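Please walk me through this protein structure.

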Amino acid sequence: ANILGLDPAAPNRVTFDEITKKGVKEGMAHPRAINIDLFNAQQARRELDRLVGYKLSPFLWRKVRRGLSAGRVQSVAVRLIRDRELEIENFKPDEYWNIDAALYPQSNSKNGFTARLAATADGKKLTVTNKEQADTIVAALDGKSYTISKLEKGKRRRQPAPPFITSTLQQDASRAFGFSATRTMRAAQTLYEGMDIAGHGTMGLITYMRTDSLRIAAEASAAAKQFIAGHWGDNYVCNTQRKWKSRSATAAQDAHEAIRPSYMDKTVIDAAPAEKRLYDLIWKRTIASQMAAAQTERTVVDIEISNAEERFVATGETVLFDGFLKLYSESTEDEAQEGEEALLPPLKQGDRPEAKSVTALQRFTQSPPRYSEASLVKRLEELGIGRPSTYAPTISTIITRGYVVKENREGGKRGYVQLKLEKGEIVRKELSEHVGKEKNKLSPTDIGMLVTDYLDQQFTDVMDYNFTAMVEKEFDEIAEGDKSWVDMIRKFYEKFHSTVDRALESHPVRSS
């Protein structure tokens, strides 16, 4: 505006949420003045990041070695990965035993179910922690009879996930396809800018892909519901207007809609595999968000044991109406998956199922998993660190700088014991399983650990998670016109400058 000699107060600013004929015309029809508050927030972010990067990087050159770099967000991201690595190194597994009974209703000997020893007879949680305890319990169950003492059924409504925002798109693409955050954003950029579609020319296929907003336009919602009704019937349409609460409700983060298709009825595109798969993911998530909730029935069965101090519990879930699950189910990290609950055969209170076998398996608690790109983005978002546009370049930077590596770990084998009571006889087996197998997980390098430790010691504030999140909130306050960006930068720099001077007087770290 300054170069062109334009009046900042004149309506010369045009924004486009989607690169479609309608979207461009809408943008041109509603020009606005430059939002000085947003501009000031951008200035504050740029200047603070420069101050941190321009001061800390030369500091590392002098104290550690040349060629290193530091940054307000990237250094904190490396700290997250470093802290997780320390958790893993310091983790001490605890032994526990799962004791399961294979039970069969008397009326149907072929249709069995599994129940787990979970509590004492008076309802207190039961944890088996060693082989001796497991041996005693399994032996005591020989010849016992089982009775279903309580059977509770409850219906539940499961709502679909909201449309994608930048962080959730990166997470789902990572989990579903193994895409890096950078690859996801590159494919999304192509879809947003437009692709040649046979018979239609170049079309922008999705809305803007850097957003924190969960909002979608009313006309987009209506088009999605019309598509759903036409393909699956009216009972699959959500008959209310869903609203989801965004992480940030400031104008800076809600300028754009959620990431959605520009055209709800265009389900197939001729594109490169990455763009095609990502578009399909975005389309399914958006359509599913406008579909009816799934309805399930969850059953919890309490099973008493004759003359015993323990009781078994079995759980199962049945889908009564699939709703949005017909199209899409949100993916989750594989290490957090427990698996779907099993279906149960018809049961009623007072039934006396027969136990064909009782099995005790030795298990060990697992250390927290290393971060994947998906889980790192999720954690950064939870802590309020960074913004949609910063996640992908931050991860790319810390890998390129050699602070972090993305690798696959096969892990080793861990032995465990199985005790099985069958036909009055306890059979013991020595078994083994692969543990620690991790795919595309982020690990700190030696230099990443060293630099993070050193910055942690010398620049506690800058490396603090709460400080980094607080700075993001201040940027939002500037964007809302509630804070002066100059005052914010001045206050930060006065303290930061003295910290740098003090750190320069410290002894250097030597790295090989």
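Glu152 is partly exposed, at 44% relative accessibility; the label covers values between the buried class (under 20% relative accessible area) and the exposed class (over 50%), with a 1.4 Å probe and protein chains only. Its salt-bridge partner is Lys150, with the closest N and O atoms 3.8 Å apart. A salt bridge here is a side-chain nitrogen of Lys or Arg within 4 Å of a carboxyl oxygen of Asp or Glu. Lys150 is partly exposed too, with a relative accessible area of 39%.

This is a predicted model, in which local features need pLDDT of at least 70 and side-chain atom pairs count only at pLDDT 80 or more, while totals for chains, interfaces and linings use all residues. Residues are numbered from 1 along each chain as its sequence is written, and side-chain values use heavy atoms, with hydrogens and water left out.

The structure holds 36 salt bridges. Another one joins Glu317 to Arg156, and here the closest N and O atoms are 2.5 Å apart. Glu317 sits in strand β7 (residues 310-321) and Arg156 in strand β3 (residues 146-158), so the pair ties together parts that are 161 residues apart in sequence. Helices (H or I, at least four residues) and strands (E, at least two) are DSSP runs, numbered from the N terminus. Glu317 is partly exposed at 25% relative accessibility. Arg156 is partly exposed as well, with a relative accessible area of 43%.

Now take a pair in a buried setting. Arg387 forms a salt bridge with Asp476, the closest N and O atoms being 2.6 Å apart. Arg387 lies in the loop between α9 (373-383) and α10 (391-400), and Asp476 lies in helix α13 (residues 465-479), so this pair ties together parts that are 89 residues apart in sequence. Both Arg387 and Asp476 are buried. They also belong to a network of salt bridges that links Arg45, Asp49, Arg72, Arg387, Glu472 and Asp476.

Where do the nonpolar residues go? In soluble globular proteins, nonpolar side chains tend to be buried together. In this model, the largest nonpolar core has 90 residues, and those with the most contacts inside it are Leu60, Ile206, Ile287 and Phe459. Such a core is a set of buried Ala, Val, Leu, Ile, Met, Phe, Trp, Tyr and Cys residues joined through side-chain atoms within 4.5 Å. Helix α8 gives this core its largest share, eight residues. A second, separate core of 26 residues includes Ile137, Tyr146, Ile148 and Leu421.

Look at Ile287 in the largest core. Leaving aside neighbours within four places in sequence, Ile287 is in contact with Ala224, Phe227, Ile228, Trp232, Met264 and Leu327. Contact means heavy atoms within 4.5 Å.

Arg285 is found in helix α8, which covers residues 273-289. Is Arg285 buried or exposed? It counts as buried, at 2% relative accessibility. The side chain of Arg285 makes a polar contact with the side chain of Tyr328, at 2.9 Å. A polar contact is a pair of N or O atoms within 3.5 Å; within protein, one must be able to donate a hydrogen and the other to accept it, and residues adjacent in sequence count only if both atoms are side-chain atoms. Not counting residues up to four places away in sequence, Arg285 touches Ala161, Pro162, Pro163, Phe164, Thr168, Asp172, Tyr328 and Glu330.

Tyr208 is in the loop between β5 (201-203) and α7 (218-232). At 22% relative accessibility, Tyr208 counts as partly exposed. Beyond four places in sequence, Tyr208 touches Asp17, Tyr192, His256 and Ile259.

Asn307 has a positive phi of about 50° although it is not a glycine. Asn307 lies in the loop between β6 (294-305) and β7, and is exposed, with a relative accessible area of 77%. Asn440 also has a positive phi, about 55°, and is not a glycine. Asn440 is found in strand β12 (residues 438-444) and is partly exposed, with a relative accessible area of 28%.
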